[in-house]
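My entries follow the display.

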Amino acid sequence: MAKIKTIGVLTSGGDAPGMNAALRAVTRAAIFNGFNVKGIYRGYRGLVENEIVDFRAQDVSNIIHRGGTILRTARCDEFKTQEGRQKAYENMCQQGIDALVVIGGDGTLTGAREFATEHDVPIVGIPGTIDNDLYGTDHTIGYDTALNTIMWCVDRIRDTANSHERLFFIEVMGHNAGFLALNGAIAGGAEAAIIPEISIEKDQLAQLIEHGFRTTKKSSIVLVAESPITGGAMGLADRVRNEYPQYDVRVTILGHLQRGGSPTAQDRILASRMGAAAIDALVEGQRNVMIGDDDEKMVYVPFNKAIKNEKPIDRHLLDTLSHLAI
Ligand code: F6P
């Protein structure tokens, strides 16, 4: 393998709080280890369109606390084609980039895996997504901040839900995974979470209504994971209006609010550790691995494992949620 002199770094897919902290860590750890760093704008699109700049240590100053990503992000259709990836490779070579660190979610790692099978490029991935849906890591960067934002919103909705004695469905993001909904429900003291992982097994809404909501109070909050499988908050509210008209039901969809804001301490620390670990991985000759957080230890997870496997939800948490909602 050719010696790595210059590392390119990019953020891709949906942004996540802590991506800037990861960019800072990758850049500084790389420079500390004697590498040059180049920042690639707008994810893979910047690689295809050659939007690449030199990154010095001071270019990542004062960003650890900022949400979003200073490199911007995008979802790039051209990179999904072989021609697009060929263009990206030519730009990389012309820029003297020998290795890549890509920060993003499932789509980002899938793109990296495709690229690495066609071209001889060492790539290390850093899991950056609020969804927390990547196998091989306990947490992804941005998840903790989004969870805290959800908790903050649930606390506020509770005030009005309680005053009006209403049933609220609060829809959260997650891209077909229920981590935000389930843990958001526990943190927010909600009555239930409706998540795609168990929607196929049972009709969670019917079960909830049959068991009755909390007997000790008249308002109820249910977190719903966005997904065609759960029916989303709107779908569930429509069902309640038709099937259980005794409930005064309202819907709040938190949407992109969940993706913004200054990262929590936990996300900044995770991003800093993962950024430094990505450079360690390249120094050790690793390629095509994602950095994972396994019980507080930084580990290398092959792309195939991270992308192909479904990350399981902890079913004990569902029991905890329902036991506490009596
Ligand atoms: O993957 C992150 C995520 O925020 C998902 O939770 C959500 O489904 C999706 O991105 C929304 O994407 P966009 O910002 O492109 O609408």
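I am working from a predicted model, where local features need pLDDT of at least 70, side-chain atom pairs count only at pLDDT 80 or more, and totals for chains, interfaces and linings use all residues. Residues are numbered from 1 along each chain as its sequence is written, and side-chain values use heavy atoms, with hydrogens and water left out.

**Helix α10.** I looked up residues 265–283, which form helix α10 (helices are DSSP runs of H or I, at least four residues; strands are runs of E, at least two; both are numbered from the N terminus). Glycine 285 follows α10 and has a positive phi, near 85 degrees.

**Strand β6.** I found phenylalanine 168 in β6, residues 167–172. Phenylalanine 168 has a relative accessible area of 7%, so I log it as buried.

**Two arginines.** Arginine 42 lies in the loop between β2 and α2. Its phi is positive, near 55 degrees. I log arginine 42 as partly exposed, at 27% relative accessible area. Arginine 72 sits in the loop between β3 and α3. Its phi is near 60 degrees, also positive. Arginine 72 is partly exposed, at 47%.

**Glutamate 296.** I placed glutamate 296 in the loop between β10 and β11. Its relative accessible area is 55%, so glutamate 296 is exposed.

Conventions
Buried means under 20% relative accessible area, exposed over 50%, partly exposed in between (1.4 Å probe, protein chains only). The expected span of a helix is 1.5 Å times one less than its number of residues.
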